[in-house]
Amino acid sequence: MVLKNRSKKKKKADALTDLTKWQKAKMRDVDWEKEDLNDVLYWGRQVFAIIIGITWGLIPMTGLGGHISYGVLSGLVFYLYYAKYLGVVEEDFGRWELFTEGAMPSYALFMVAWVATYTIQVSPIDDW
């Protein structure tokens, strides 16, 4: 009986090591390589930036409120994702490094998506 449990645990551990970083991104309490976790956070922020940029452009949100709300929302969502959902121990990876991974490129992408969406929505096509 003990041998069967050990073999099941070993199979589960082997299966977890064969997962890609994108499959791990959807699972809780998985061991992470630093580079893989940074890649997931970086690209996740980029996708998040495009979605929020398009959303803010369609609302249409303008001004400092858009910048501040994006920064707060982005920071909060990704902190909750890696600290609470994934269960990553922040001290192992560097708290500030995880929090800021991909932040500035995602902010630039957010701005491009926000401005482009807002401009397309607000200005009539005849003005182009």
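## How helix 4 and helix 7 sit together

In this predicted model, helix 4 and helix 7 are oblique to each other. Helix 4 covers residues 64-85 and helix 7 covers residues 103-122. They pack at an angle of about 140°, and their axes lie 11 Å apart. Oblique is what remains once angles under 35 degrees (roughly parallel), over 145 (roughly antiparallel) and 65 to 115 (roughly perpendicular) are set aside. Axes are lines fitted to C-alpha atoms over the stretch in contact, with angles from 0 to 180 degrees between N-to-C directions.

## Residues at the contact

From helix 4 come Gly 66, His 67 and Tyr 70. They meet Ser 106, Tyr 107, Phe 110, Met 111 and Trp 114 of helix 7. Contact means heavy atoms within 4.5 Å. Five of the residues in this contact are nonpolar, three are polar and none is charged.

## The whole chain

The chain has seven helices and zero strands. Its pattern along the sequence is α-α-α-α-α-α-α. Helices are DSSP runs (H or I, at least four residues), and strands are E runs of at least two.

Of the 128 residues, 28% count as buried, meaning under 20% relative accessible area with a 1.4 Å probe. The accessible surface comes to about 8,700 Å². Carbon and sulfur atoms account for 65% of that surface. Among contacts between residues at least 6 apart in sequence, 72% join residues at least 24 apart.

## Basis of the values

Residues are numbered from 1 along each chain as its sequence is written, and side-chain values use heavy atoms, without hydrogens and water. Local features need pLDDT of at least 70 and side-chain atom pairs 80 or more, while totals for chains, interfaces and linings use all residues.

Notes:
Nonpolar A, V, L, I, M, F, W, Y, C, P; charged D, E, K, R; others polar. Buried < 20%, exposed > 50% of the residue type's maximum accessible area, 1.4 Å probe, protein only. Areas by Shrake-Rupley, 256 points an atom, 1.4 Å probe, with all protein chains shown as cover.
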